[in-house]
Amino acid sequence: MSQSNLPARRGYSAPAAPSSALSPNDLAPILLREARRHRVALVGIFAAVALLTLVVGLLVLPKNYTASTTILAQESDIIQPLLEGRAVATEVVDRAGIARQVIYSRKVLEDAMKTGGWLEDKPSAIEQDRLMEQIKGRIAITSPRPNLIQIAYRDSDAKRTYDVTERLGDMFIKESLAAKERESREAYEFIDKQVQDYHAKLLEAEERLRQYRSANTDAQPGSATDANTRISALRTTVEQTRMSLLEQRSREGAIASQLSGESAVTAVQTRESLYRGQLLELQGQLDRLLLNYTEQHPDVVRVRHQMADLQQAMTNEQNRRASAPQGASPFDEAQMNPLYQELRSQQAQTRREVAATASRMSIAESMLGDELNRSRRIADSESALAELTRDYEVNRDIYQDLLRRRENARVSMQLDREERGLTLRVQDPATMPLRPTGLRFMHFAIGGLLMAVGIPLGLLFLRARFDPRIRSAQQLQRMTDRPLLTVVPTYHSPRDRRQELSRNAMSVGILALVILAYGLAFGLKQLAAA
């Protein structure tokens, strides 16, 4: 009975298909056998890759020479403190960036092309632009330290590399110093032009202010203060004058009232009665003296003489009146009232003072009105005067500031002209490069040999790894899950052995050719370097 007719056991499942993947232990002998089998092809691939890289290294690989120069940017430590606040020294923060801007300029690149001899063939404008781009790509600018600038250039010609590098350093120093001087000169010229412009503006503002003040006499400095002071003084004067006027008018009224009670003419006593009154007074004085003194006392004697004189005068007056005519005027015994005359005089004086005070008050009030009108005119002209004055002061301040800045710019320009500020000098000059830099022939040859070994081995591994054919007994047993009875070995015939020998000889010959080619190439390189 066949196996397909037998009943299947309960719980039995078919075994999983065995994997055909090769383990590392199985893969190593397979690789050895495949390498031995295809040794001629592998050696040929090795030789082709090695010789190809050798030819590329000899003929195609460019020789790059690199030269560099280091420039020191040094600031003066003595002049800067002395000129602090008077001159502006050139300050460079990104020195490498400044160097790139200078060196990558068209002027410097054209000079570099002229130095390198590229312009001898008279290239076109497009070719010159292409050469400039190539030169830019071969220039490296770095700043190892804040005050150092390193300029490196690489080229296939050693002398041209040296010449171009040296010229780039010189042009950088020359253009940087020229740029510094040009910058300070342009700054001075700009400030000087601004000074001239603001001088003209200042003169124009001053002329406008003068014309306005000439046309408006009240538009003078301090006019408002002076007007306020005069208004205050005039108001005080008016008040004082008004009080004086009231006082004088009150006094005038009082004098008029007193004058109305007095008579202009008053009767007076006769001379006889006057003498008699005086005589009575002297008699009383004599009586008082006699109480204390004798008749011989000088005061008593003097008083008696005075009494005698008065008696004589009284006698003469009686005789005169007796001899006077009968038709004499009754007013001979009358005279003007002195109090009345004094009051009339005071009244006249008071009226004069009242008139003068009233006139003075009128004049003060008129002057006060004039000052008030002047104050209003000053207030009206203050806005225009303030605007004109503000324009003048602004232009004056800016002009004075620009004058100081122009002098500072002049000192800065002289400082840069004499190279006493930020100085640039070559710290490490360029030298003639003796050996090329970058990938040399030895590196290229070693890399070519490694690649010549790696490519055949990679192809061999891919072939052994992904080839579906069964290449070992262990692989067959693992794939079929059946017992392996025996393995039939390979038997080489004489013809096969001769073919193996010829393949070995061919492989050795190819390897010897590669070694000989590399030996000759290195020998030629050493002779060329010597």
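Buried residues (under 20% relative accessible area, against over 50% for exposed and in between for partly exposed, with a 1.4 Å probe and protein chains only) make up 28% of the 530 residues in the chain. The model is predicted: local features need pLDDT of at least 70 and side-chain atom pairs count only at pLDDT 80 or more, while totals for chains, interfaces and linings use all residues. Residues are numbered from 1 along each chain as its sequence is written, and side-chain values use heavy atoms, with hydrogens and water left out.

**Overall architecture**

- The chain has 14 helices and six strands, taken as DSSP runs (helices H or I of at least four residues, strands E of at least two) and numbered from the N terminus.
- Of the contacts (heavy atoms within 4.5 Å) between residues at least 6 apart in sequence, 83% join residues at least 24 apart.

- Helix 5 spans residues 106-116, and its buried residues are Val108, Leu109, Asp111, Ala112, Met113 and Gly116.
- Asp111 forms a salt bridge (a side-chain nitrogen of Lys or Arg within 4 Å of a carboxyl oxygen of Asp or Glu) with Arg167, where the closest N and O atoms are 2.4 Å apart.
- This pair links distant parts of the chain, as Arg167 in helix 7 and Asp111 in helix 5 are 56 residues apart.
- Asp111 is buried at 18% relative accessibility, whereas Arg167 is partly exposed at 29%.

**Other salt bridges**

- The whole structure contains 20 salt bridges.
- Within helix 7, Asp163 and Lys159 lie four residues apart, about one turn of the helix, and their side chains form a salt bridge at 2.9 Å, N to O.
- Glu407 and Arg410 are paired at 3.3 Å, N to O; they are separated by about one helical turn because they are three residues apart in helix 11 (residues 338-417).
- An α-helix has 3.6 residues a turn, so residues three or four places apart point the same way.
- A network of salt bridges links Arg106, Glu110 and Asp129.

**A buried arginine without a partner**

- Arg138 belongs to helix 6, residues 125-138.
- Arg138 is buried yet has no salt bridge, and the nearest side chain of opposite charge (Lys and Arg count as positive, Asp and Glu as negative, with His and the chain ends not counted) is Asp155, 4.2 Å away.
- Leaving aside neighbours within four places in sequence, Arg138 is in contact with Trp118, Ala152, Tyr153, Arg154 and Asp155.
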